[in-house]
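Dear colleague,

I am passing on the model we spoke of, with some notes on what I found in it. Please read them with the coordinates open beside you.

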Amino acid sequence: MPNQPISGNDLPRFAGPGTFMRLPAAASAEGLDVAVVGVPMDHGTSWRSGTRFGPQQIRAQSAMIRPYAVQTGAAPFDALQVADIGDVAINTFDLADTIRIITEAYGTILTHGAIPATLGGDHTLTLPILRAVAARHGPVALVHVDAHADVNDVMFGVREAHGTVFRRAHEEGLIVPDKVWQVGLRGTGYTAEDFDEPRDWGFHLVTAPEIWHQSLAPLAARIRADLAGHKVYVSYDIDSLDPAFAPGTGTPEIGGLTTPQAMELIRGLRGLDIVGVDMVEVSPPYDPSGNTALVAANLMFEMLCILPGVPYR
Ligand code: MN
Ligand code: MN
């Protein structure tokens with residue numbers, strides 16, 4: 001049997017290691033199918049900070065998650081070797097150096113053949129991860145769930161920050177433009193045409209009002225059909241959810257996804273050849289109840305449940 005989370009019947013859930021789901025800690029991704037890894041950074045944010053505490057808080061809130069998804073039958077720890085390899089040693093004084101460090105760290109994780117499951121951290125971290133992923137797998141398809149398209153050109157003259165990730169990824173050829181799905185977009189824009197340019201690149205943009213009050217299972221089925229046969233990266237910004245469900249984030253926007261919609265969307269992607277997932281923008285200082293990190297931890301578990309090789313009972 002591969003690594004198992006410590007059972008809440010063997011050791012109280014408020015005790016034990018601070019790893020994700022109280023899985024074993026590992027020094028590296030060697031021998032793992034899935035490496036849970038934290039990227040504790042917030043110096044790529046433009047409004048409220050605090051995501052440097054995201055990995056720690058998501059891990060803390062993950063302690064209650066049990067290993068079997070009884071609603072779907074998924075049993076990720078029956079077949080996959082999963083461990084928490086800790087946090088990337090980012091440079092908290094230097095964003096550019098941090099981006100370099102993340103690219104190198106993920107290059108190593110991917111060399112071991114592990115799927116990285118990342119706890120963020122601000123959304124900047126997805127750019128260096130995509131650089132490492134594309135270096136190994138070539139350009140990938142992308143499911144990007146977010147209130148924001150994150151396709152700005154520059155922010156304060158800086159080209160690599162949490163709001164420019166997917167423009168850079170497009171320019172650098174890290175993603176296949178017509179295999180990019182951005183879901184949950186909303187809020188106000190810098191111009192009235194903010195969403196036109198990514199659509200011209202070939203991105204599929206699904207705004208939040210288009211999916212208000214409805215199941216996301218049909219949308220997930222469309223995405224799954226479109227991305228079949230491609231390597232897929234899933235980037236999940238917690239601000240895609242409505243602030244009622246996930247207030248602890250840096251740039252909240254009203255009118256977002258519900259928690260059940262988020263679960264339907266992730267569950268509907270089962271069967272895709274997923275090569276990496278991330279959960280970003282959880283900001284514990286704005287999350288006094290811990291609910292945002294609780295949602296994030298459970299959505300990360302949902303993403304583990306749809307990785308290739310996970311058996312369903
Ligand atoms: Mn984002
Ligand atoms: Mn966002």
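Below I go through the metal site and then one of the helices.

Please keep in mind throughout that this is a predicted model.

Let me begin with the manganese ion (ligand 1), which is coordinated by H123 through ND1 and by D146, D150 and D237 through OD atoms, at 2.1 to 2.2 Å. Along the chain these donors follow the spacing H-x22-D-x3-D-x86-D. Since H123 belongs to the loop between β3 and α4, and D146 to the loop between β4 and α5, the pair ties together parts that are 23 residues apart in sequence, and both H123 and D146 are buried.

D239 is buried, as is D146.

How far apart are the manganese ion (ligand 1) and the manganese ion (ligand 2)? They are separated by 3.3 Å, and D146 coordinates both.

The helix I looked at is α3 (residues 95-111), whose 17 residues reach 24 Å from the first C-alpha to the last, close to the 24 Å expected at 1.5 Å a residue. Its buried residues are L95, T98, I99, I101, I102, Y106, I109 and L110, and because they cover an arc of only 165° around the axis, they are on the same side of α3. The cover over these buried residues includes the strands β1 (34-39), β2 (82-87) and β3 (115-120), together with the helix α4 (126-137), whereas the face of α3 turned away from the buried side carries the exposed residues A96 and T111.

Both ends of this helix deserve a look. At the N-terminal end, D94 caps α3, with a side-chain oxygen 3.1 Å from the backbone nitrogen of A96; just after α3, G113 takes a positive phi of about 80°.

Note on methods: Residues numbered from 1 in each chain as written. Chains lettered and ligands numbered in written order. Predicted model: local features only at pLDDT ≥ 70, side-chain atom pairs only at ≥ 80, totals over all residues. Heavy atoms only, no water. Buried < 20%, exposed > 50% of the residue type's maximum accessible area, 1.4 Å probe, protein only. Helix = DSSP H or I, 4+ residues; strand = E, 2+ residues; numbered from the N terminus. Expected span 1.5 Å × (residues − 1). Arc of directions from axis to C-beta. Contact = heavy atoms within 4.5 Å. Polar contact = N/O pair within 3.5 Å; in protein donor to acceptor, adjacent residues only side chain to side chain. Donors = N, O, S within 2.8 Å, 3.2 Å for Na, K, Ca; no water.
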